[in-house]
Amino acid sequence: MGTKGRILVTGATGYIGSHTTVELVNAGYEVIGIDNFSNSSPSMLEGMEKITGRKIPFIRTDCCDKAGMEEVFRKYPDIRASIHFAACKAVGESVREPVKYFRNNIVSLLNLLDLSMKGEGKGIVFSSSCTVYGEPDPENLPIKETAPVKPAVSPYGRTKQMNEEILMDCVRACPSLKVISLRYFNPIGAHPSALIGEMPNGEPQNLVPYITQTAAGLRKELRIWGNDYDTPDGTCIRDYIYVCDLAKAHVAAVGRLLDGRQENRFDIFNLGTGKGLSVLELVQNFIRATGADVPYRFAGRREGDIVKVWADPGKANSILGWKADTPIDEVLLSAWNWEKKVRGI
């Protein structure tokens with residue numbers, strides 16, 4: 001056993017799950033990973049084990065499969081807390097396929113909660129999103145945790161809002177359950193080893209993998225959805241956070257859950273850099289940082305996209321003792337190094 005106890009990571013071979021698993025193992029936790037590989041690859045597990053030098057216990061199962069989840073908890077009764085990543089996460093796809101999103105994102109959490117609330121109750125760190133804030137009013141930028149949760153602009157965002165409400169109700173019903181909800185802004189980049197990174201199945205739904213695949217020649221051009229927004233260059237503004245910085249926030253959150261320092265049994269932290277970058281600025285930064293060529297064109301707006309959103313990460317900075325401060329060029333270079341490694345460039 002690791003010195004700090006066992007943590008269950010759902011969606012462990014996914015983009016954020018894999019980087020967080022690495023950070024947990026490096027911090028002295030024993031991890032049990034589960035995934036169904038719906039948007040990841042078994043090769044990520046090999047990368048994680050190479051980075052950590054440790055065999056990582058892993059079970060292939062779907063969090064929506066109650067019997068499969070029961071088997072995980074039966075096999076590992078010493079799970080102290082779970083980090084729940086397993087979810088469908090593409091805004092555009094959720095608009096087209098809402099039932100898929102509601103079924104997967106809600107049933108998976110219900111199964112985890114059902115098992116976590118038995119016995120002593122287990123802590124849960126929940127992978128939430130800044131989409132819960134909807135389209136923020138200008139006076140609420142940068143966004144604090146106290147900003148209103150507004151009507152979601154996509155079924156994906158709605159599932160995150162509903163999941164947080166479910167978690168709050170369960171905390172009220174189960175005195176031994178503690179939850180930390182981490183509302184991410186936009187994770188990008190890859191591990192500096194280039195052994196793990198973002199590897200979406202099929203056409204990427206996120207901006208940076210689309211940029212790197214275009215630079216690698218897999219895609220003819222990058223489409224930027226909308227250049228007529230009310231922003232300085234007409235493209236949407238986001239808070240891009242390095243995935244390794246984000247992963248470290250999960251380690252800090254787990255530590256807070258387990259060491260008794262958490263005062264509120266349901267707590268929320270925004271995870272971002274506190275700086276907004278437009279889509280066009282990010283593309284130009286990538287070209288400058290890597291020297292790669294990225295042909296791009298502007299296309300019409302995409303349904304479900306928020307115009308501008310960036311974090312006030314002050315609460316996470318002070319209470320979790322965590323900060324996202326990796327320079328953006330370094331982050332984009334890590335994404336390019338990962339793409340080149342995967343493609344053998």
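Ala 194 lies in the loop between β7 (186-188) and α7 (207-215). The model is a predicted one. Ala 194 is not a glycine, yet its phi is positive, at about 60°. With a relative accessible area of 8%, Ala 194 is buried, because buried means under 20%.

Phe 37 also has a positive phi, near 60°, and is likewise a residue other than glycine. Its place is the loop that runs between β2 (30-35) and α2 (43-52). The relative accessible area of Phe 37 is 14%, so this residue counts as buried.

Another backbone feature is the cis peptide bond between Leu 141 and Pro 142, where omega is about -10°. Pro 142 belongs to the loop between β5 and α6 (155-173). For comparison, most peptide bonds are trans, and most residues other than glycine have a negative phi.

### The chain as a whole

The protein chain contains 11 helices and 13 strands. Its radius of gyration is 19 Å, close to the 20 Å given by the globule rule for 345 residues, so the chain is as compact as a globular protein of that length. The C-alpha trace spans about 55 × 45 × 40 Å along its principal axes.

Of the 345 residues, 58% are buried. Among contacts with a separation of 6 or more, 81% are between residues 24 or more positions apart. The accessible surface of the chain comes to about 14,100 Å², and carbon and sulfur atoms hold 50% of this area.

### Lys 122

Which loop holds Lys 122? Lys 122 is located between α5 (98-116) and β5 (123-129). Its relative accessibility is 15%, so Lys 122 counts as buried. The side chain of Lys 122 reaches the backbone oxygen of Ile 79 at 2.8 Å. Leaving out residues up to four places away in sequence, Lys 122 touches Pro 77, Ile 79, Arg 80, Ala 81, Ser 116, Leu 177 and Lys 178.

Asn 285 is placed in helix α9 (residues 279-290). At 10% relative accessibility, this asparagine counts as buried. The side chains of Asn 285 and Arg 288 make a polar contact at 2.8 Å. Beyond residues up to four places away in sequence, Asn 285 touches Leu 277, Ile 328, Asp 329 and Leu 332.

Met 168 is in helix α6. Its relative accessible area is 29%, so Met 168 is partly exposed. Met 168 and Val 179 are 11 residues apart in sequence, and their C-alpha atoms are 8.2 Å apart in space.

The table lists the accessibility of the residues discussed above.

| Residue | Relative accessibility | Class |
|---|---|---|
| Ala 194 | 8% | buried |
| Asn 285 | 10% | buried |
| Phe 37 | 14% | buried |
| Lys 122 | 15% | buried |
| Met 168 | 29% | partly exposed |

Definitions and conventions:
Residues are numbered from 1 along each chain as its sequence is written. This is a predicted model: local features need pLDDT of at least 70, side-chain atom pairs count only at pLDDT 80 or more; totals for chains, interfaces and linings use all residues. Side-chain values use heavy atoms; hydrogens and water are left out. Helices (H or I, at least four residues) and strands (E, at least two) are DSSP runs, numbered from the N terminus. The radius of gyration is taken over C-alpha atoms; the globule rule is 2.2 Å times the number of residues to the power 0.38. Buried means under 20% relative accessible area, exposed over 50%, partly exposed in between (1.4 Å probe, protein chains only). Contact means heavy atoms within 4.5 Å. Accessible areas come from the Shrake-Rupley method with a 1.4 Å probe; for residues, only the protein chains shown count as cover. A polar contact is a pair of N or O atoms within 3.5 Å; within protein, one must be able to donate a hydrogen and the other to accept it, and residues adjacent in sequence count only if both atoms are side-chain atoms.
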